[in-house]
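Hello,

Here is the structure I said I would pass on. My notes follow below it.

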Amino acid sequence: MEQLKIQPLGTRVVIKPLEQDTKTASGLFIPESAKEKPQTGLVVAIGDDEDIKLKVDDKVLFAKYTGTEFRLDNQDYLLMECGDVLARLLN
């Protein structure tokens with residue numbers, strides 16, 4: 001994975017939201033306006049606090065309306081407190 005040009009501080013993490021499918025199981029396309037906010041993402045950077053239990057490339061579940069959205073190099077990211085991450089998703 002490419003090195004991100006941002007280093008979160010403290011217990012913050014940077015997450016790349018994983019978009020939901022644009023098509024339903026039955027083949028219907030979901031318009032952009034009807035999509036829900038993503039709740040899963042990939043950890044791309046972690047803060048410098050020793051207590052963070054996440055690692056880069058962990059797939060995680062987070063609360064729907066949490067974090068600060070920002071755009072870097074034409075990619076959307078979320079910056080949030082590590083405590084706002086609800087769970088690590090296992091393969």
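In these notes, contact means heavy atoms within 4.5 Å. The model is predicted: local features need pLDDT of at least 70 and side-chain atom pairs count only at pLDDT 80 or more, while totals for chains, interfaces and linings use all residues. Residues are numbered from 1 along each chain as its sequence is written, and side-chain values use heavy atoms, with hydrogens and water left out.

The sheet: six strands form an open, antiparallel sheet in the order S4-S5-S1-S2-S3-S6. Strands are DSSP runs of E, at least two residues, numbered from the N terminus, and two of them pair if DSSP finds at least two bridges between them. Strand S4 (68–72) and strand S6 (85–88) are the edge strands, each pairing on one side only. S4 is joined to the antiparallel strand S5 (residues 75–81) by five bridges; Glu69 has Leu78 in S5 as its bridge partner.

Asp58 lies in the loop between strand S2 (40–46) and strand S3 (59–62). Leaving aside neighbours within four places in sequence, Asp58 is in contact with Gly41, Leu42, Val43 and Arg88.

Gly10 sits in the segment before strand S1 (12–17) and is partly exposed, at 24%. Gly10 and Gly47 are 37 residues apart in sequence, but their C-alpha atoms are 5.1 Å apart in space. With neighbours within four places in sequence left aside, the contacts of Gly10 are Gly47, Asp48, Asp49 and Ile52.

Regards

Technical notes:
Helix = DSSP H or I, 4+ residues; strand = E, 2+ residues; numbered from the N terminus. Buried < 20%, exposed > 50% of the residue type's maximum accessible area, 1.4 Å probe, protein only.
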